[in-house]
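Here are my notes on the model you sent over.

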Amino acid sequence: MTDKNYDVERLNRTQEMINRMDPVDIADKLEILPEKDVAIWIKLLKKDLLADAFTELKPENKARIVNILSEEKIKDLVRDLDEDELVDTLQELPANITKKLMTFHIDKDRRKVVNELLGYPKESVGSIMTVNFLSVKENISPKQALEKIMESDLDAEKLEQIWLTNNSLVLMGFVYIADLIRYQDKSLKDLANSINATVNPNDDQEVVAKLSYKYDLGEVPVVDSENRLIGIVPAEDVIDVAHEEFQEDMSNITGISDNSDSYLVESSFKIAKTRTTWLIICLLTATMTGFIIHRYENLLASAVALTAYIPMLMDSGGNAGSQASTTVITSLYRGDIGFKDFFKVIMKEASIGLITGVILVIINFIRLMILDQAQIGVNLTVSITLLLTIIFSKVMGGVLPLIADKFNIDPTVMAGPLITTIVDTLVLLIYFEVASLLLGL
């Protein structure tokens with residue numbers, strides 16, 4: 001498709017269609033359209049809509065679009081991007097394009113703010129916060145606040161709530177714009193909502209998602225050490241953070257590295273490479289189970305029937321540990337528990353393990369008697385080991401995430417393959433020691 005194929009009517013229809021599209025859908029199309037069609041779409045799109053779609057593009061496609069844009073279009077794009085969106089773009093683009101944008105297309109005053117945001121660590125609150133917000137002094141009238149809103153050039157979604165500060169810019173609360181309109185006879189202090197939570201720009205971005213979930217916050221205020229408002233994290237960014245953290249947690253739990261590219265787009269070699277690391281770790285740590293089995297090979301030779309129940313015991317322990325770790329990690333995320341509850345978690349999981357273990361032992365004992373017709377000694381050995389395994393696995397699954405959180409390690413690292421590997425090793429030790437005592441081998 002070329003420019004010549006477009007008549008005026010067709011161009012008008014195309015322009016009308018694409019300017020009604022959602023920015024996400026526009027970004028999807030820009031990523032697959034030929035370069036000539038992309039150039040046409042760029043000409044037809046409204047400036048603010050192009051900027052919104054640009055932020056949704058993958059890094060490589062952002063660089064592609066910038067190379068297509070004229071100098072004037074680049075200036076318009078940079079002007080329409082919020083500071084946090086501009087910072088994200090600069091971090092994703094190649095160094096030569098970033099240098100060009102910083103040198104020729106970003107105003108001097110704005111460059112200072114951008115450099116400040118670029119200085120925050122990756123995945124910190126400061127790296128995702130926006131400095132585009134409206135704040136007013138708490139001692140002005142609602143009418144004066146409304147006048148400031150009318151004069152503001154911020155997008156409508158950034159004006160749903162207005163932040164209140166004192167004369168020293170210390171954050172005092174916020175008011176909803178709807179309340180300003182309905183209750184103009186009241187003071188801002190009367191209309192003010194209290195601040196449930198704030199974050200520091202150097203906090204991990206995951207803190208934002210936790211606080212937003214806990215307090216149902218539409219926007220999370222960012223303050224400095226003196227509680228002065230310096231930025232906000234809006235709801236759409238909170239959702240992005242929650243999604244990123246979910247992907248990261250799932251990667252840790254399943255023992256794979258997170259891939260930013262689409263599953264079908266990512267090369268098989270790269271996916272295999274990221275998955276192999278954990279498999280190698282599990283393979284090496286599983287060597288311990290081999291040593292343990294080798295150590296007790298005489299016992300197994302004397303009671304071959306014990307061998308048949310090793311997979312069942314190991315699977316039960318791994319599953320029980322994963323259940324406990326998932327529950328504790330979820331509670332940690334919600335802020336319900338912390339390392340201070342270490343011994344409470346031990347007691348809680350031990351009691352859960354005891355109840356669960358007894359139920360499983362009863363069912364398993366009957367199963368072994370009826371289906372396997374196992375000797376009473378073997379049956380008791382397996383049943384006692386199963387009970388101890390469930391209790392131990394529950395406790396391990398509960399405390400390991402707490403320990404990880406205490407040392408600022410992602411608790412999800414302790415879930416999945418790692419807990420399973422640890423539990424497998426100790427289950428075998430319990431099994432063979434119980435067998436040695438009960439069977440006298």
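The numbered points below cover helix packing, aromatic rings, loops and a few residue pairs.

1. Ground rules. This is a predicted model, so local features need pLDDT of at least 70 and side-chain atom pairs count only at pLDDT 80 or more, while totals for chains, interfaces and linings use all residues. Residues are numbered from 1 along each chain as its sequence is written, and side-chain values use heavy atoms, with hydrogens and water left out.

2. Two packed helices are described by the angle between their axes and the distance between the axes. Helices here are DSSP runs of H or I with at least four residues, strands are runs of E with at least two, and both are numbered from the N terminus. Axes are lines fitted to C-alpha atoms, for helices over the stretch in contact, with angles from 0 to 180 degrees between N-to-C directions. For α2 (residues 23-32) and α4 (residues 47-55), the axes come within 8 Å and cross at roughly 70°. That makes α2 and α4 roughly perpendicular (65 to 115 degrees; under 35 is roughly parallel, over 145 roughly antiparallel, and the rest oblique). On the α2 side the contact (heavy atoms within 4.5 Å) uses P23, I26 and A27, and α4 brings L49, D52 and A53. By class, that contact has 5 nonpolar residues, no polar ones and 1 charged. For the classes, Ala, Val, Leu, Ile, Met, Phe, Trp, Tyr, Cys and Pro count as nonpolar, Asp, Glu, Lys and Arg as charged, and the others, Gly among them, as polar.

3. Helix α4 against helix α6. α4 also packs on α6 (residues 71-80), at about 75° and with the axes 9 Å apart. α4 and α6 are therefore roughly perpendicular as well. Here α4 contributes K47, D48, L50, A51 and F54, and α6 contributes D76, L77 and D80.

4. What angle do the planes of F339 and F342 make? By the ring rule (Phe, Tyr and the six-membered ring of Trp pair if centres lie within 6.5 Å; planes under 30 degrees apart are stacked, over 60 edge-to-face, the rest tilted), the count comes to 5 aromatic pairs. F339 and F342 are a tilted pair, at 5.4 Å centre to centre and 45° between the planes. F342 and F343 also have ring centres 5.4 Å apart, but with planes at 85° the pair is edge-to-face.

5. The rest of α20. Which residues of α20 (342-372) are buried? They are F342, V345, E349, G353, G357, V361, N364 and L368. These buried residues pack against α19 (310-334) and α21 (376-406). After α20 comes Q373, with a positive phi near 50°.

6. Other rings. W163, F174 and Y176 make up one aromatic cluster. K186 sits over the face of Y183, 4.9 Å from the ring centre (the test is NZ of Lys or CZ of Arg within 6 Å of the centre and within 35 degrees of the ring normal).

7. Positive phi in loops. D216 has phi near 55°, and D216 is not a glycine. D216 is in the loop between α14 (205-215) and β4 (219-223), and is exposed at 69%. N227, another non-glycine, has phi of about 65°. N227 lies between β4 and β5 (229-234) and is partly exposed at 29%.

8. Two residues to look up. G218 is in the loop between α14 and β4 and is partly exposed at 38%. Beyond four places in sequence, G218 touches V233, P234 and A235. S322, in helix α19, is partly exposed at 22%. Leaving out neighbours within four places, S322 is in contact with I419 and T420. From S322 to T389 is 67 residues in sequence and 13 Å in space, C-alpha to C-alpha.

Notes: Buried < 20%, exposed > 50% of the residue type's maximum accessible area, 1.4 Å probe, protein only.
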